[in-house]
Each structure stands twice: as structure tokens, then as C-alpha cells.
Amino acid sequence: EAKQMIRHYNRIKAGLEDLKGLKTGHLVIGASTIPGEYILPILIGGFKKKYPGIIITLKVAGSGQVGRWVREREIDFGITGAPIDWEGTECVSWLKDQLVLIVPPAHPWAELNEVNLDNLKNETMILRERGSGTRRTLEQKLAEHNISLEKLPHSMELGSTRAVITAVEANLGASIVSKYAVSEAISL
């Protein structure tokens with residue numbers, strides 16, 4: 001029985017050493033759509049090359065859901081596009097992003113470098129769903145200029161940035177999205 005206890009102790013000790021050296025383990029990350037779809041897959045790929053024994057699970061959902069996962073300890077940490085102000089959670093700024101106006105290629109604004117915010121009042125907008133980090137940030141920025149997002153004409157609210165971009169490409173309106181989400185199109 002003592003030999004079995006020593007073997008068990010040595011296995012536990014070896015397991016802890018593997019974890020300490022990042023040789024084995026499982027990391028569960030939660031992310032909202034922008035970091036989860038456009039930023040983290042590339043970073044996780046680099047991490048996996050350096051630490052191939054670590055299993056990584058990436059769960060992607062809206063910022064509110066990521067916050068709930070953190071609070072309920074379903075994930076090791078979460079990354080959202082906008083800070084979550086919930087008791088018991090701490091948010092630390094990591095990367096800076098910009099919101100950019102996107103329009104279909106044939107739109108009169110497509111060739112402009114700058115568009116006046118007042119012009120948005122007459123443009124049909126395609127928005128992210130309520131509660132998304134992109135939507136909350138947009139609401140805050142417009143409020144700084146005394147513009148209510150609810151007063152802008154909008155044709156639809158969509159649950160992902162990719163869906164918003166696709167709707168803009170289909171000439172259904174204009175939108176404001178993360179620069180990370182359209183970085184490929186911007187570089188063309």
C-alpha cells in the first residue's frame with residue numbers, strides 16, 4: 001500500500017511539473033465575436049506551436065454571455081470587445097480597436113475619407129444585436145455627440161459582425177464595425 005501511495009505521489013508530482021512547464025493542461029477561453037473570430041485563432045495557433053501539450057478550447061458568444069461564463073467559472077478567462085461592469089469581475093484593457101464605417105462599394109460615401117456624423121441620421125444602418133460590445137461602444141460614442149442610436153433609421157439587427165458585413169455587401173445599408181473585422185477588405 002505504501003508503494004502504491006509513493007507511485008501515486010510521483011504521478012501527481014510529475015503532473016504538477018508538466019503543468020508548471022506548460023507541457024500539459026487544458027485552457028478554456030471565452031471570447032466575444034470580434035476577438036473570438038478575428039484575433040484569438042491566430043494567437044492560439046502561435047501558442048500551440050510553442051506549447052503543443054496544452055489543449056485549448058475557445059468558446060465564442062456575445063459579451064454578456066462571456067461575462068456570465070467568467071462569473072460562473074465555466075471558463076478560465078474571457079476576452080470581450082467592451083468592458084463588462086459586473087461585480088466580481090475585473091476587466092483589463094488589452095488591445096485597442098477602432099470602429100469604422102462600412103458601406104457598399106457603389107455607395108456615395110465609399111470614396112470619402114471622412115463622413116459627418118449628422119449624415120448617419122439619414123442613412124439606413126445595419127446594427128449588431130443589443131448587448132453586443134460593438135453595439136454598446138457605438139451607443140456610447142454616438143451619445144457623446146448627442147445622437148441616439150435608436151433615432152437612426154435601421155433596417156435590421158444581426159447577431160454577428162460577419163452577418164453585418166455580408167448585409168452591407170448586399171447593399172442593405174451601412175454599418176459601423178470593428179476595424180479588425182474588416183482589416184482584409186481595408187487593405188485591398
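Residues are numbered from 1 along each chain as its sequence is written, and side-chain values use heavy atoms, with hydrogens and water left out. Because the model is predicted, local features need pLDDT of at least 70 and side-chain atom pairs count only at pLDDT 80 or more, whereas totals for chains, interfaces and linings use all residues.

The structure contains ten salt bridges (a side-chain nitrogen of Lys or Arg within 4 Å of a carboxyl oxygen of Asp or Glu). Side chains of opposite charge can pair when their charged atoms come close. One of the bridges joins Glu 129 to Arg 128, with an N to O distance of 2.9 Å. Glu 129 is partly exposed at 22% relative accessibility, while Arg 128 is buried at 6% (buried means under 20% relative accessible area, exposed over 50%, and partly exposed in between, with a 1.4 Å probe and protein chains only).

Glu 150 takes part in salt bridges with two arginines, Arg 130 and Arg 135. In the pair with Arg 130, the closest N and O atoms are 3.2 Å apart. Glu 150 is located in the loop between α4 (133–143) and β6 (154–158), and Arg 130 in the loop between β5 (125–128) and α4, so this pair ties together parts that are 20 residues apart in sequence. Helices (H or I, at least four residues) and strands (E, at least two) are DSSP runs, numbered from the N terminus. Glu 150 is partly exposed, at 39% relative accessibility, and Arg 130 is exposed, at 53%.

For Glu 150 and Arg 135, the closest N and O atoms are likewise 3.2 Å apart. Arg 135 belongs to helix α4, so its pairing with Glu 150 ties together parts that are 15 residues apart in sequence. Arg 135 is buried, with a relative accessible area of 2%. A network of salt bridges links Arg 130, Arg 135 and Glu 150 with Glu 139 and Glu 157.

On the surface, Leu 43, Trp 94 and Leu 95 form a nonpolar patch with about 300 Å² of accessible area together. Patches are made of residues with over 30% relative accessible area and no salt bridge; like charges are joined within 9 Å, and nonpolar side chains (Val, Leu, Ile, Met, Phe, Trp, Tyr) within 5 Å. Accessible areas come from the Shrake-Rupley method with a 1.4 Å probe, and for residues only the protein chains shown count as cover. Leu 95 lies in the loop between β3 (77–79) and β4 (99–102) and is partly exposed, at 39% relative accessible area.
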